[in-house]
Amino acid sequence: MISLTHLAAKRIGFIGFGDIGKHFAEILSAELSQAECAPAELIAIRRNIAAIAKPELCQPLACDVNDLTQLARLKDLSVDYWVISLSPDAMDEAAYRQTYLQGLSNILQVLNQAEQNARKIFWLSSTSVFAQDQHQWVDESSETAPTRYQGQVQKAAEKLLQSSLIETCVLRCSGIYRSQQHSLLNKLQAGQLPANLVHEYYTNRIHVIDVARALLHLLALDASGQAIDAIYHASDCCPVLNTELYQWLSETWQLPLNADMQPPSRRVGSKRVSNQRLRDSGFEFSFPSFREGFSQYLDSHKPSSRSGGDS
């Protein structure tokens, strides 16, 4: 992985500063400090700056992407890079469109009017832009024909990004998880993971720390003068069948799957996301598979035993 010292003294505007932004700031600050380099200047932009973790590592700026008056202040910021990582207020199509399409449109309208352009915009997208469901491998050149609104909105956002007067790079993330929480582990502990499944499908994921590290890696590559591609996939090295994952979790935590639970009948997509392009750029994963990521959770959370209803 390329040294982050190429980002010394760089100014980075991070729009939508949440968990990814927090890790981004921590990793960047620690490496530049260790190398005794000039710190980068990180501007953390979000609606509620009181919720910013590690405010000492960044310059908080309150701004709502759906308010053009507030966004106008971004025109006066001289930055080297923009990172845009938005999250909808609700999990429905209207909220998705409001955030990823209207919000991005507003941002681009403002940034396109800036007197001094940044070197590049990095946009966090999603592998939901793919609809493949026959266990195929997909890479950055694979067809994107999503059938669900989540993927359709993300695909439309990627297209909208092309109207930017600043060069762009899209990082498509698969399912982002964290060491301190994961729905599958919570369900297993509660006895809510079924032992019997109607459909077998591949799942793809990436640890939130590796999302932040991938962003930093690509920024540093660009800052070093190396050419980077327009799209990368941020997904770990181990797509895994849901049946294999459930069994591994059960055996590792020594908690049984629920044999009495009615398995879900809904058919979901099944694809395997290739991260070859990102790895070819020199990136190395801290959590190359679910095993490393979930094991870190296991190290700090002792499973509680339960009885009744499972076998």
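Q: Helices (H or I, at least four residues) and strands (E, at least two) are DSSP runs, numbered from the N terminus; which one gives the largest share of the lining of the second largest pocket?
A: That share comes from α4, with four residues. The model is predicted, so local features need pLDDT of at least 70 and side-chain atom pairs count only at pLDDT 80 or more, while totals for chains, interfaces and linings use all residues. Residues are numbered from 1 along each chain as its sequence is written, and side-chain values use heavy atoms, with hydrogens and water left out.

Q: Which residues line that second largest pocket?
A: Its lining consists of Glu 140, Thr 144, Lys 155, Glu 158, Lys 159, Leu 161, Gln 162, Thr 168, Val 170, Arg 172, Ala 230 and Ile 231. A pocket is an open set of points on a 1 Å grid over the protein atoms alone, with protein on both sides within 12 Å along at least five of seven lines; a lining residue has an atom within 4 Å of a point.

Q: And by class, what is in that lining?
A: The second largest pocket has four nonpolar, three polar and five charged residues in its lining. Here Asp, Glu, Lys and Arg count as charged, Ala, Val, Leu, Ile, Met, Phe, Trp, Tyr, Cys and Pro as nonpolar, and the others, Gly among them, as polar.

Q: How many cavities of 30 Å³ or more does a search of the whole structure find?
A: The search finds one. A cavity is a set of grid points where a 1.4 Å probe fits but cannot get out.

Q: What lines the largest cavity?
A: Leu 74, Leu 77, Trp 82, Leu 111, Ala 114, Gln 116, Asn 117, Ala 118 and Ile 166 line the largest cavity. Seven of these lining residues are nonpolar and two are polar, and there are no charged residues.

Q: Back to α4: is Gln 152 buried or partly exposed?
A: Gln 152, which is placed in helix α4, counts as partly exposed because its relative accessibility is 34%. Buried means under 20% relative accessible area, exposed over 50%, and partly exposed in between (1.4 Å probe, protein chains only).

Q: What is Gln 152 in contact with, leaving aside its neighbours within four places in sequence?
A: Gln 152 is in contact (heavy atoms within 4.5 Å) with Pro 146 and Thr 147. The side chain of Gln 152 also reaches the backbone oxygen of Thr 147 at 3.4 Å. Its C-alpha atom is separated by 9.9 Å from that of Ala 131, 21 residues apart along the chain.

Q: Changing topic, where does Ser 126 lie?
A: Ser 126 lies in strand β5 and is buried, with a relative accessible area of 16%. A polar atom of its side chain is 3.0 Å from the backbone nitrogen of Ser 128. Beyond neighbours within four places in sequence, Ser 126 is in contact with Gln 154, Arg 172 and Cys 173.

Q: What about Ser 250: buried or exposed?
A: Ser 250 is buried, at 10% relative accessible area, and belongs to helix α7 (residues 242–253). Not counting residues up to four places away in sequence, Ser 250 touches Leu 188, Leu 255, Pro 256 and Leu 257.

Q: Last one: which residues of α1 are buried?
A: They are Asp 19, Ile 20, Gly 21, Lys 22, His 23, Phe 24, Ala 25, Leu 28 and Leu 32. What covers them includes β1 (11–15), β2 (41–46), β5 (120–126), β8 (175–177) and α6 (208–223). Just after α1, Glu 36 takes a positive phi of about 55°.

Key: Polar contact = N/O pair within 3.5 Å; in protein donor to acceptor, adjacent residues only side chain to side chain. Points joined across faces, edges and corners; volume = space filled by probe spheres on them.
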